[in-house]
Amino acid sequence: MPNPMPVYGIKGIPSTANHPGIGTTAYGSCSFIDTSGNFYYYQTGQPGNPLWRYNPSTNEWTWLHGDTTNSAASNSGVLGTQGVPDPANKPGELSNSITWTDANNNSNKLSANTNFPK
């Protein structure tokens, strides 16, 4: 039986031991595939709303972003300045979401219900 709890490992470091787990409340989770064939999984509704990348060539998961705990702060979004990348930015919980990758390999998310900061 697969382990239902995630194994995060070190943020940004791929490993065959890492995995997102089954999740308990992963409603609204969304995914996309980049132009290199890597699978991205935004596990909204899971504590901390983690973003994962799976590389099928190496069979490794990488925890890319998000928190490992569930709190109001970890579930709220941090939007920053539009068009300016910042590692502190995160979209917050999403539901009824879709994702796609554009011609420049940028991920895009659209959600009908979003937990953005007020």
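Phe 39 is partly exposed in this predicted model, with a relative accessible area of 28%; partly exposed denotes values between buried (under 20% relative accessible area) and exposed (over 50%), computed with a 1.4 Å probe on protein chains only. Trp 61, at 17% relative accessibility, counts as buried.

The model is predicted, so that local features need pLDDT of at least 70 and side-chain atom pairs count only at pLDDT 80 or more, while totals for chains, interfaces and linings use all residues. Residues are numbered from 1 along each chain as its sequence is written, and side-chain values use heavy atoms, with hydrogens and water left out.

The structure holds 7 aromatic pairs. Rings of Phe, Tyr and Trp (its six-membered ring) pair if their centres lie within 6.5 Å, and planes under 30 degrees apart count as stacked, over 60 as edge-to-face and the rest as tilted. The ring centres of Tyr 8 and Trp 63 are 4.9 Å apart and the planes stand at 65 degrees, so this pair is edge-to-face. Distant parts of the chain are linked by the pair, 55 residues apart: Tyr 8 lies in the segment before strand S1 (30-33) and Trp 63 in strand S4 (residues 60-65). Strands (E, at least two residues) are DSSP runs, numbered from the N terminus. Tyr 8 counts as buried at 13% relative accessibility, and Trp 63 counts as buried at 9%.

Phe 39 and Trp 61 also form an edge-to-face pair, with 6.3 Å centre to centre and 80 degrees between the planes. Phe 39 in strand S2 (residues 39-42) and Trp 61 in strand S4 are 22 residues apart, and the pair links distant parts of the chain. One aromatic cluster is formed by Tyr 8, Phe 39, Tyr 41, Trp 52, Tyr 54, Trp 61 and Trp 63.

Key
Helix = DSSP H or I, 4+ residues; strand = E, 2+ residues; numbered from the N terminus.
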